[in-house]
Amino acid sequence: MADNIIEIKDLKVDFHTDDGVVHAVKGISFDIPRGKTVGLVGESGSGKSVTSLTAMKLVPNPPGEISGGQILFEGKDLVKASEAEMRKIRGNKISMIFQEPMTSLNPVFTVGDQIAETLMLHQDLSKDEAIEKAIELLDQVGIPNPSTRVKSYPHEMSGGQRQRVMIAMAIACEPDVLIADEPTTALDVTIQKQILDLLADLQKKYGMSVLFITHDLAVIADIADEVVVMYRGDIVEKGSVSDVFNKPQHPYTKGLLACRPSLDKNPERLPTVSDFMTVDGKEISYDISALLKEKTTRPIADDHDVLLEIKNVKKHFPLKKNFFGKVQNWVKAVDDVSFKVRRGRTLGLVGESGCGKTTLGRTILRLIEPTAGEIIYDGKDLVGMNRQEMREMRKKMQIIFQDPYASLNPRMTIGSAIMEPMIIHNIGANKADRLQKAGDLIEKCGLPREMLNRYPHEFSGGQRQRICIARALAVEPEFIICDESVSALDVSVQAQILNLLLDLQEEFGLTYIFISHDLAVVKFFADELAVMNSGQVVEMADALSIYQAPKEDYTKKLLSAIPKGIPKDLLVTQLQ
Amino acid sequence: MIEPNSDALPAASPNSLWTDAFRRLKKDKVGMISLIVIVIYVLVAILCGLDLIFQNYSVADDARSYLAPNAINWFGTDFLGRDVLARAAHGTYTSMLVGLLGPGLSVIIGVVLGALAGYFGGRTDALVVWFYTTVDTIPYILLISAFAFVLGPGLQTLCIVFGLTGWVGLCRLVRAEFLKHKEKEYVQSARALGAGHMRRIFRHILPNVLHIVLIQFSLAFVSVIKAEVILSYLGLGVEAGTPSWGVMISDAKLELSRGVWWGLLTATLFMFFLVLALNLFTSALRDALDPKLKGK
Amino acid sequence: MLGYILRRLIYMIPTLFGITLLTFLLFNVAGGDPAAQLAGLHATPQQIEDIRVELGLNQPLYKQYFDYVGQIVRFDFGRSWATKQTIGQMILGRSLEDSPILASLSLTLPVFLLNILLSIIIALVLTQVRGSFLDQSTMVSCLAAMSISSLAYILFLQYYLGYKLALFPISGWDPSFFGRWEYLILPILIFVILSLGGKILFYRTIFLDEIYQDYVRTARSKGLGTKSVLFKHILRNALIPIITLEVLSMPFLILGSILVESFFAVPGLGGLLVLAINNADFPVIKAMTFIGAVLYMIFQLISDLLYVVVDPKVRLY
């Protein structure tokens, strides 16, 4: 018999909502072996987070309810355990870290107090001893100057440091099991790497078992021993990481593995889950060679037609004003950036949060006024254009934002949303004509035209992003900025939208600036690439050469931080 | 080849957020009963306003002064021998008029100022903020007393007083909402598509702020009905002779010690059911319009 | 800190200017001719004109305004038309026992404290049983209690408890600090009853806002029990909105209650205002309005300073 610290058997969790009972977890079983890391993978709505909260019995009740099954922790069934028994286990034997380190820490207590609280609760320590231990723990999780930082409040730390504090709190009592619910999703890729390394070190040191919940298979490959794949409340596949990554059995797993762009492959299009299975989970036959067809690189010559040129663009925001309203301190969000975008090609703009890429994107469209510089579109400088001239330009340049939930007016049908730009720019002879056009556009974006009288909240995230694309196309633009347009979507949906954008580029000869923090996605999508850091472009070249031969240290650091998506032992066999 | 979307499509018929909210409201029993009660009050108010029912409300008869509830005057008579029930019913008209017109005026002021300040920012904002900070700084009861005192008693005065004093809270809220919404991606998208200021304010942001205005209006309705009583007590309410719950309740100060309790009771009950219905309806409305807040 | 306070005080100047302007426009421009009112119904035009000259009403408006601002700067609010006392004296009283502010406070302070204590306890209990019958019925009761006019409460309870059952004196006053409590018990009781419902609902909303925060989940995942989560984590965070809002309501402690004070003959500022309105005493109403506004500004400053103390995220700029 394998030595499992946690065995979950036929676990069912229901949520009672106004619209009836939702079966969030539909009878799943899996084990967490002692000292190993189990990765729990799934997209939004798969029930993975509910599963992790259930293991601690922290599912809010009402509306949630464990309606069946067992959670055996060292042979003891936690489903039947009383609240008092659970309290002795939580934070002591099993502890947990969450996705949002900012909101998960109590904002009004110092981090030292919060770590000490766990210690005093489960161990017989005085306040001073607990603080002493908290300093040690902060040191262990790699917080510099722990003896002063122990008195800091959460808001005084960076995102990565807060997650380190959460980890310190979780390991304070040397628990047997650590549950990590998307602990790196909210963090930049370089910080993610640090946190993953830290978790791996601590696991080795304390011999903990880890349940690692994530939507990102690449992360699992880096850190887990075993993997459990969830889809709509059910487990569709489980096994060792090398088995699942090498020989995926279930079509969903196959799709999930294939649709994520990776650095070492160079496909023409991304496969999607729907290439492998139908919506209701039936496998469909696929042509592996078609799916893996290589992209033919489109070389960019120096004399290639330039559509947009940015010259020394700066955007500075006032940070602090003195008493008389004079600005004393500036944030240089965009600091002297210059580049060219060629007609019909895609420029990828990549960088970590706060590097200024979003500000730059909005400045190009003059949604934000630049502090200095020139934005030359098709030979004309946008800076200094009056409102009427700018309105004319808006026909040609469009933007698609990150959050599909926020970028559609919730009180407007999608039909009126798509027709609105036509009205503004006098496109279409009359209402019927515009309606016809809107229907054509929405069909082009993969939704039936009968949907035009619907409201945004009736659609899924991916569908809404299709609507946003249709709306942007309504003015027949030649240039579109995609500002993190696929970042909020599940990987399988992300692949669909990326393919759609590629198809549209081909059909209409569109020029894109594609802004993203995700290097793998940008590499798949862009012809040329600009890496941004602290408001400046640090490196710029065609996409492939940046990945193959990065010149700048920052680019190298960024590249090495990306999870490879190949399990360790698999890598070893490949090398042999 | 355009790849079709693989997610399930929405169900049969379109639902705007308003129809969604209305569907949720219809399911809320307490909310619907409250709505029915409010509608009844509105009907009574209209019928009294047109003088179609309780026409005897101002018929005085010295001989019938202070009669306890009896077969003819179910709720008794007042000092001048007028029927208490008829006066309370006509008080509904007064309350409804003040409760609708006063907050109506403040909604117009509050929304216009708040929208301009929040949307345009800069000097406009500074001016509006200064203006509402000033008005807000004066304690509400002092402010309405001072206004009512200066303008003299009367029905129109009450409407103007409540209208001119009640807009501050709403203005602050609308300003904050506009500040928030104007940066949201859907408004930025509209801007990128070439939409001008007016289109962004009225077509995009305002419909998304309207539910807050609705709830605030309902809250203001209640506070005005209650404040009318206090102004009546201070002698700053409606003109003498106009039927009003506030006057009926204030008059009880002299009546109770003589054992005359029916005037107070009737007016209080009339007011109680309307205000309770409005309170319950407001909270049902809030749940329906913003389901995330449910149960709070 | 001192720099911050100084800066805040300077920012008050535009608001103060606004208040003087508003009260001036209200009373001196929109309010009609005070001379006519002051002179009474049977005054001759000459008498009215004399009063106008005496009050400076024949001066151009801007000059009247500057005179008014000048008076305020000197804390000179003039004399009451009704009692001919200086308004400063009316508001401060001749001695501590005679002080209207202390009279108001001895009514409002106990009410304020009792209210906070009771409503926090009840609201915390409700959050623990949220969604249950007890929770729902308490909420409806609170709404019902809020639907009755405060004047009706006072009339009925004064009549019933004071007159019918004769448990308390109906109304009256003893200026001595010990003697006054005999007369204060009933008004305090009534005041608490008529404001408790709203307070409970208010606190319940604040606590529920906190209960769904992520940090509460973290606290529970540490193994903390309901009580520690509630009293340590939630209450401490809820304190931020509670303190700021309660401090902002403190001017009313000093200004007193118009209704309760006039019904129970409490000689506080609320009662003073009722008298002034009944006597059409312009200068007193004007002074009270101005003082109320200034009090509000002072407590707003205090509230902002406390905010810095209770919320570590707030820094002074």
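1. A salt bridge is a side-chain nitrogen of Lys or Arg within 4 Å of a carboxyl oxygen of Asp or Glu. Arg8(C) and Asp304(C) form such a pair, with their closest N and O atoms 2.1 Å apart. Between domain 1 of chain C and domain 2 of chain C the count is one salt bridge.

2. The model is predicted: local features need pLDDT of at least 70, side-chain atom pairs count only at pLDDT 80 or more, and totals for chains, interfaces and linings use all residues. Residues are numbered from 1 along each chain as its sequence is written, chains are lettered from A in the order in which they are written, and side-chain values use heavy atoms, with hydrogens and water left out.

3. Chain C is divided into domain 1 (2–91) and domain 2 (100–310), with bounds from an automatic or database domain assignment. The centres of these two domains, taken over C-alpha atoms, are separated by 32 Å. Their contact (heavy atoms within 4.5 Å) takes 24 residues from domain 1 of chain C and 24 residues from domain 2 of chain C.

4. The two domains of chain C bury about 2,300 Å² between them, 81% of it on carbon and sulfur atoms. Buried area is the accessible area (1.4 Å probe) that two parts lose on being put together, summed over both. In domain 1 of chain C, the residues that lose the most area to domain 2 of chain C are Phe27(C), Trp81(C) and Ile91(C), together 28% of what that side buries.
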